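Here are my notes for you, written as numbered points. Please keep the structure open beside them and look up each part as you read.

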Amino acid sequence: MPLTSRIQIYILKECISGLFLVLGVLLIAILMIDVVEQLRTVGGDVSLSLLGALRLSLMKLPQIMEQTLPFALLVSSMMAFTRLNRRSELSIIRASGISAWRFLAPVIALGLMVGVLTTTVLNPFAAKLTESFEVSRAQLLDKGRTAMAVSDTGVWLRQGDDTNQIVIHAQHVDQGGVVLRNVKMIEEERLYSGSQPTSDFAFARRIDADRATLRDGFWQLENVVENIPNMPPERKANLAIPSSLDAVTLFDKFASPNTIGFWRLPRFIRQTQAAGLDAQRYRMRWHALMATPALFVAMSLIGAVVCLRLQRMGGTSQLLAIGALAAVALYFFTQFSTSLGATGAAPPIVAAWSPPLFVLFCTLAYIAYREDG
């Protein structure tokens, strides 16, 4: 039977219609809740209209959609095969000699297709809008103030190359991270053994400045006090420090991995590692996005498998409950594994791929056992 047979196309249409229905209901419900949340949080500090709250929530909608899709695929496949079962169409398909592998192929294809599109198209779009959401929200909350405190202790950055490393601390940030205030810079130079570089660095100087502005290829410091070992402090009105950072990269330092799209992640990981920073959570995010198609296929198959039991044999409700619990367990197991990978407790590739592949192989083994004996 060819892959594009009428029965497979019919089943695929049932799954797609269910997916749009479930996804639409979930997104509308979540959007309404998020609008109220924006009015409560942002609107509690500044004046925020209903349209303003809706605009903020719409910026988050693609990311919400990305997080909701696995459950939408699960429920849509459950709905599609439940309808087939109730109308006795599944019994007719089985009686015609078509194996479960063939009428489950559309579910697998749908999960794979949606997973690939989510990783390559939806995620970059969602990351861009999430970044815009964070900037817009910060601008609203910072209205009337000169700067934004990134944390209780300020902002920490590091830049460097093969010869030196500079640790940068700022108490406040302006203009999305392009301007730093109350800045301290600690510069360390690489030590050499003869003409061979070592992995050790030695303190070279400390620089205190009232303001640091990121220009093309350098930091422009104002009202500077420079401290070099064995020399008196030297005051300067201005000082330029070379920098490999740009405005976009610097803003990404403050952002979560969710604000960096799939196609930007490899380059950003290389830049982060070159600056001497820990890129573990970004590597974890990249592997998690790569594993998204496997996760979606697993979710889709779980929803379909629990509905393969014929209606007249009973026990359908129990199977549906078991499928829902298995999907929720997979989601939380994936989140837990992601946390392990982001903190370095587990290799990112193992943390990202293990949960979906384990459930996918278990589901395929169950289908082979039940259908092929």
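**Notes on the helices, cores and confidence**

1. Helices α4 and α8 pack with their axes 8 Å apart, at an angle of about 150 degrees. Axes here are lines fitted to C-alpha atoms, for helices over the stretch in contact, and angles run from 0 to 180 degrees between N-to-C directions. The crossing of α4 and α8 is right-handed; a crossing is called right-handed if the near helix is turned clockwise from the far one by less than a right angle, and left-handed if anticlockwise. Residues of α4 in the contact include L104, V107 and I108, and those of α8 include F296, V297 and A304 (contact means heavy atoms within 4.5 Å). By class, 11 residues of this contact are nonpolar, 6 are polar and none is charged. Ala, Val, Leu, Ile, Met, Phe, Trp, Tyr, Cys and Pro count as nonpolar, Asp, Glu, Lys and Arg as charged, and the others, Gly among them, as polar.

2. Please remember that this is a predicted model, where local features need pLDDT of at least 70, side-chain atom pairs count only at pLDDT 80 or more, and totals for chains, interfaces and linings use all residues. Residues are numbered from 1 along each chain as its sequence is written, and side-chain values use heavy atoms, with hydrogens and water left out.

3. How many helices and strands are there in the chain? The chain has 10 helices and 6 strands; these are DSSP runs numbered from the N terminus, with at least four residues for helices (H or I) and at least two for strands (E). Of the 373 residues in the chain, 43% are buried (buried means under 20% relative accessible area, exposed over 50%, partly exposed in between, with a 1.4 Å probe and protein chains only).

4. Now compare another helix pair. The axes of α1 (residues 6-41) and α2 (residues 50-86) come within 5 Å and cross at roughly 145 degrees, and this crossing is right-handed. The contact of α1 with α2 has 29 nonpolar, 6 polar and 4 charged residues.

5. Next, look inside. The largest nonpolar core has 42 residues, and F81, F103 and L104 have the most contacts inside it. A nonpolar core is a set of buried Ala, Val, Leu, Ile, Met, Phe, Trp, Tyr and Cys residues joined through side-chain atoms within 4.5 Å. Among the helices that each supply at least two residues of this core are α1, α2, α4 and α8. Leaving out residues up to four places away in sequence, F81 touches partners including I11, C15, F103, L104 and A304.

6. Is H287 buried or exposed? H287, in helix α7 (residues 280-290), counts as buried because its relative accessibility is 17%. Beyond its neighbours within four places in sequence, H287 is in contact with P348, I349, A352 and W353.

7. N182, in strand β3 (residues 179-193), has a positive phi near 50 degrees, and N230 has a positive phi of about 65 degrees. Most residues other than glycine have a negative phi. N182 is partly exposed, at 34% relative accessible area, whereas N230 is exposed, at 83%.

8. Finally, check the confidence. The chain averages a pLDDT of 82 (pLDDT is the predictor's confidence in each residue, from 0 to 100). Confidence is lowest in helix α5 (residues 247-254), at a mean of 54, and highest in strand β5 (residues 218-227), at 92.
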